[in-house]
Amino acid sequence: MSSRKPRTRAKGGPNSPDQETNLIARLVRDRRHAAGLTQRALSELAGVGPRAIWDLERGKATLRMDVVNRVLAVFGKTLGAIDAARTEEPAP
């Protein structure tokens, strides 16, 4: 039995950075598993270090965008700007 306590994070809205980071982490992990790749094999395909894959799959929020895009490119994906729902109008 593990003695590690589960991590807790502040919950954000549907477009919060944590939510988006977790979506990317889940996508990479799921696609990697579906392709039968180890983290090391994916890192070699993407041209990044194995630690980058480890951090990405765990939802680290401070990864460089170019590193994330290298990994996503292996699966035919890329980061991009999308419209987000606004709760209020911006100030003039």
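**Terms and their grounds**

A: In this predicted model, buried residues account for 23% of the 92 residues in the protein, where buried means under 20% relative accessible area. The protein has four helices and zero strands, and its pattern along the sequence reads α-α-α-α.

Q: Why are α2 and α3 called roughly perpendicular to each other?
A: The axes of helix α2 (residues 39-46) and helix α3 (residues 50-57) cross at roughly 110 degrees, coming within 8 Å. Angles of 65 to 115 degrees count as roughly perpendicular, and α2 and α3 are therefore described in that way. The crossing in which α2 passes α3 is right-handed.

Q: Which residues make the contact between α2 and α3, and how many of them are nonpolar, polar and charged?
A: On the α2 side the contact is made by Q39, R40, L42 and S43, and on the α3 side by P50, I53, W54 and E57, with contact meaning heavy atoms within 4.5 Å. Sorted by class, the contact of α2 with α3 comprises four nonpolar, two polar and two charged residues.

Q: Which residues of helix α4 are buried?
A: In helix α4 (residues 65-74), the buried residues are V67, V68, V71 and L72.

Q: What makes these buried residues line one face of the helix?
A: When α4 is viewed down its axis, its buried residues fall within an arc of 130 degrees, so they line one face of the helix. After α4 comes G76, which has a positive phi, near 75 degrees.

Terms used
Residues are numbered from 1 along each chain as its sequence is written. This is a predicted model: local features need pLDDT of at least 70, side-chain atom pairs count only at pLDDT 80 or more; totals for chains, interfaces and linings use all residues. Side-chain values use heavy atoms; hydrogens and water are left out. Buried means under 20% relative accessible area, exposed over 50%, partly exposed in between (1.4 Å probe, protein chains only). Helices (H or I, at least four residues) and strands (E, at least two) are DSSP runs, numbered from the N terminus. The arc is that of the directions from the helix axis to the C-beta atoms. Axes are lines fitted to C-alpha atoms, for helices over the stretch in contact, and angles run from 0 to 180 degrees between N-to-C directions. Angles under 35 degrees count as roughly parallel, over 145 as roughly antiparallel, 65 to 115 as roughly perpendicular and the rest as oblique. A crossing is left-handed if the near helix is turned anticlockwise from the far one by less than a right angle, and right-handed if clockwise. Ala, Val, Leu, Ile, Met, Phe, Trp, Tyr, Cys and Pro count as nonpolar, Asp, Glu, Lys and Arg as charged, and the others, Gly among them, as polar.
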